[in-house]
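Subject: Structure for you to look at

Hi,

Here is the structure I said I would pass on. Please open it beside this email and follow along.

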Amino acid sequence: GNTRVEEACEMYTRAANMFKIAKNWSAAGNAFCQAAKLHMQLQSKHDSATSFVDAGNAYKKADPQEAINCLNAAIDIYTDMGRFTIAAKHHITIAEIYEAELVDIEKVRGRRSANKCLLKVAAYAAQLEQYQKAIEIYEQVGTNTMDNPLLKYSAKEYFFKAALCHFIVDELNAKLALEKYEEMFPAFTDSRECKLLKKLLEAHEEQNSEAYTEAVKEFDSISRLDQWLTTMLLRIKKTIQGEGDGDLK
């Protein structure tokens, strides 16, 4: 029964540490990963998450994609346990792996894959309230894609996200950014994203949380808001007077 699983778990962990000493990073990562799965079987969530992090740190030196998979597994467990700060810390590690890999990715798989990694870094940065970093990336990728006929459809999404990050920090900045994006990328003006931003800015200026929520709802009824957008829109809404802990309902 459980004793056998516990023994196996210990053996994998011991093996992993020996592989680490021998600098055999893939084998170490794999052994930590096996230990993590067994901890999960034993219902020890915390130990499982710790082993996934150990696996991620070992894989980081040999197989970045596996490292990201293991860290994501740990993040899921920590999030499930309500340990958001530690989950956020591992999100940063993932973002750093993406950034470190960026140069190689661009060489091997080209611009699109590199953009994909950058956008992940931006999304994490914004969630962790590092808005300036997120804005720089969204603007950079938006500018890179707006002249490409195949990708320009996505550019409006990146400018939209950059504007939302500006908005959380300062309403006036968001206004100026919006004007700049419309000038750089005229197609943005007719987009639903741009129209939503204008409505939100107006509602915010009037400190009218009902108008704000109404505009968000209307947008959401046509294109569903994902978790990231919902989080950012809520953060902006909280800056309207008297909206201490409102939601978007």
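F219 is buried, with a relative accessible area of 6%. Bear in mind that this is a predicted model. The cut-off for buried is under 20%. F160 also falls under that cut-off, at 2% relative accessibility, so F160 counts as buried.

Now the rings. A pair of aromatic rings is described by the distance of the centres and the angle of the planes. The count here comes to 6 aromatic pairs. One of them is F160 with F219. Their ring centres are 5.9 Å apart and their planes are at 40 degrees.

Next, find Y181 and F188. They form an aromatic pair that is edge-to-face. The distance is 6.4 Å centre to centre, with 75 degrees between the planes. Y181 is buried, at 0% relative accessibility. F188 is buried too, at 0% relative accessibility. Y181 and F188 also belong to one aromatic cluster, together with F159 and F185.

Last, two lysines and two tryptophans. Where does the charged end of K61 sit? It is over the ring of W25, 4.7 Å from the ring's centre. K161 lies over the face of W228, and the distance to the ring centre is 5.2 Å.

Best wishes

Notes:
Residues are numbered from 1 along each chain as its sequence is written. This is a predicted model: local features need pLDDT of at least 70, side-chain atom pairs count only at pLDDT 80 or more; totals for chains, interfaces and linings use all residues. Side-chain values use heavy atoms; hydrogens and water are left out. Rings of Phe, Tyr and Trp (its six-membered ring) pair if their centres lie within 6.5 Å; planes under 30 degrees apart count as stacked, over 60 as edge-to-face and the rest as tilted. Buried means under 20% relative accessible area, exposed over 50%, partly exposed in between (1.4 Å probe, protein chains only). A charge sits over a ring if NZ of Lys or CZ of Arg is within 6 Å of the ring centre and within 35 degrees of the ring normal.
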